[in-house]
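Could you walk me through this model in the viewer, one selection at a time? I'd like to know what to click on and what I'll find there.

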Amino acid sequence: MPAYAVIGAQWGDEGKGKIIDFLAANASIVARYSGGNNAGHTVINDFGTFKFHLLPSGACWPHTTNIVGNGVVIDADVLLKEISETQGRLPHKLKLAVSDRAHLIMPYHVVLDQVEEKRRGRDAIGTTGRGVGPAYVDKVARSGLRAGELLNPEDMALRLPDIVHFKNEVITKIYGGTPVSLDEVFAKANRWAAELAPYIRPAEDIVSGALSGGENVILEGAQGSLLDLDHGTYPFVTSSNPTVGGALTGLGIGPRSFGGVAGVYKAYCTRVGSGPFPTELKDATGEMIRQKAKEFGTTTGRARRVGWFDSVAGRYSARVNGFDSMIVTRLDILDGFESIKVCVAYELDGQRTERFPIDAVLLDRCKPVYEEVPGWKGTTSGLTDPEQLPRGARDYISRLEELLGIPTSLISTGPRREETVVMRPLMG
Ligand code: IMP
């Protein structure tokens with residue numbers, strides 16, 4: 001079966017973009033199924049360094065069609081900029097289709113994201129401020145605007161004044177914020193309609209056509225499973241479903257087309273924004289990893305919180321998604337450590353538990369129980385051959401496999417496409 005999901009297994013920023021760019025060598029479609037331009041997927045290949053927020057990470061391959069699925073929310077300004085910048089650097093035509101059912105992030109969503117965060121004060125989620133949450137709120141409230149509506153300007157002209165009026169009431173009267181201008185929103189919508197029209201279509205048909213034809217399709221996750229609206233550390237989560245269910249609803253495909261579900265795990269953990277993080281390192285080791293790995297957000301530039309690998313959380317992600325393999329990224333960052341800690345259980349109110357408590361308050365009370373494993377001499381940086389991995393690195397990976405109960409398919413040893421070790425082929 002030709003659909004292969006590549007899903008963040010932690011709190012996002014696991015390095016999915018690089019992995020998907022690598023795998024897309026053998027895929028005719030890469031399809032993003034959730035999130036918006038809160039994501040930042042870095043891809044480095046012969047054409048340079050790309051930071052995709054909305055474009056799927058197969059964008060640099062001439063044979064790959066990139067789908068922005070119905071589950072994604074789109075800031076069309078960001079998407080159009082990304083299309084033109086990326087196209088300007090590629091020698092071939094970017095193949096892209098945007099679902100007519102994907103909801104639009106409108107200027108008032110961005111304002112609302114920011115004023116709502118301000119109101120939360122100390123309880124702020126630490127959102128990326130890109131309007132993603134408010135756009136999903138409107139989708140659920142059935143008052144959102146979809147990309148397909150851009151192609152129908154008369155309808156848009158009928159709906160927009162009332163929507164903008166109501167949003168401005170909320171922005172000004174509830175939050176004391178600055179209203180958006182209806183004229184400017186109209187002008188934007190008209191420009192988006194003209195420039196995005198060539199890409200907007202029933203993109204789900206392209207995906208299901210490729211699946212029925214037996215072509216390889218990569219389902220590109222954004223964010224991470226622990227930020228999932230249903231299965232993550234609520235309320236410190238994003239507003240969509242990065243977990244595997246999101247791929248089904250976010251692209252309109254069925255489970256029988258799945259050939260594999262791979263979880264992308266960083267060799268340690270990071271988290272951006274607020275919320276519990278049991279293995280967080282607030283010490284010199286954490287700072288050292290942050291600097292060495294340049295753990296600063298691709299989208300917001302914020303310093304990421306850093307911690308040791310958490311196998312309790314990792315096992316939970318594997319279960320929620322049904323991962324059949326793990327992809328370990330940024331192994332090279334752990335080169336040179338005398339020893340490395342892995343969280344194997346939590347202590348919660350004096351009791352040892354290997355269960356991931358989904359309640360954020362309980363998770364916040366969990367103290368990590370660590371196992372210390374030896375580090376390795378020598379470097380893994382840029383390696384491509386499993387035989388060349390230092391013994392300690394192989395032992396570390398084996399221990400993670402044991403703790404998570406899944407085998408490793410790929411190991412990433414650097415940011416470039418080719419800096420990848422294939423332990424077992426992921427796609428047929
Ligand atoms: P939102 O998705 O902008 O609403 O932010 C909600 C939470 O998800 C915040 O803690 C963000 O920092 C986090 N978040 C959203 N997108 C990403 C991502 O791509 N990587 C890591 N964290 C993210």
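At what angle do helix 3 and helix 5 pack, and how far apart are their axes? Keep in mind that this is a predicted model, then select residues 107-120 for helix 3 and residues 153-174 for helix 5. The two pack at an angle of about 15°, and their axes are 11 Å apart. That angle makes helix 3 roughly parallel to helix 5. Look along the pair and you will find a left-handed crossing.

Now show the side chains at this contact. From helix 3, pick Tyr 108, Val 111 and Leu 112; they meet Ile 163, Val 164, Lys 167, Val 170 and Ile 171 of helix 5. By class, that is 7 nonpolar residues, no polar ones and 1 charged.

Next, move to helix 2 (residues 76-87) and helix 6 (residues 182-196). Here the packing angle is about 35°, with 10 Å between the axes. Helix 2 also makes a left-handed crossing as it passes helix 6. On the helix 2 side, select Ala 76, Asp 77, Leu 79, Leu 80 and Ile 83; on the helix 6 side, Lys 188, Arg 191, Trp 192, Glu 195 and Leu 196. This contact has 6 nonpolar and 4 charged residues, and no polar ones.

Last stop: the ligand. Of the 15 residues around the ligand, Asp 13, Asn 38, Thr 128, Thr 238 and Arg 302 come nearest.

- Asp 13 to a ligand nitrogen atom: 3.1 Å.
- Thr 238 to a ligand oxygen atom: 2.6 Å.
- Arg 302 to a ligand oxygen atom: 3.0 Å.

Notes. Residues are numbered from 1 along each chain as its sequence is written. This is a predicted model: local features need pLDDT of at least 70, side-chain atom pairs count only at pLDDT 80 or more; totals for chains, interfaces and linings use all residues. Side-chain values use heavy atoms; hydrogens and water are left out. Axes are lines fitted to C-alpha atoms, for helices over the stretch in contact, and angles run from 0 to 180 degrees between N-to-C directions. Helices (H or I, at least four residues) and strands (E, at least two) are DSSP runs, numbered from the N terminus. Angles under 35 degrees count as roughly parallel, over 145 as roughly antiparallel, 65 to 115 as roughly perpendicular and the rest as oblique. A crossing is left-handed if the near helix is turned anticlockwise from the far one by less than a right angle, and right-handed if clockwise. Contact means heavy atoms within 4.5 Å. Ala, Val, Leu, Ile, Met, Phe, Trp, Tyr, Cys and Pro count as nonpolar, Asp, Glu, Lys and Arg as charged, and the others, Gly among them, as polar. A residue is near a molecule or strand if one of its heavy atoms lies within 4 Å of it. A polar contact is a pair of N or O atoms within 3.5 Å; within protein, one must be able to donate a hydrogen and the other to accept it, and residues adjacent in sequence count only if both atoms are side-chain atoms.
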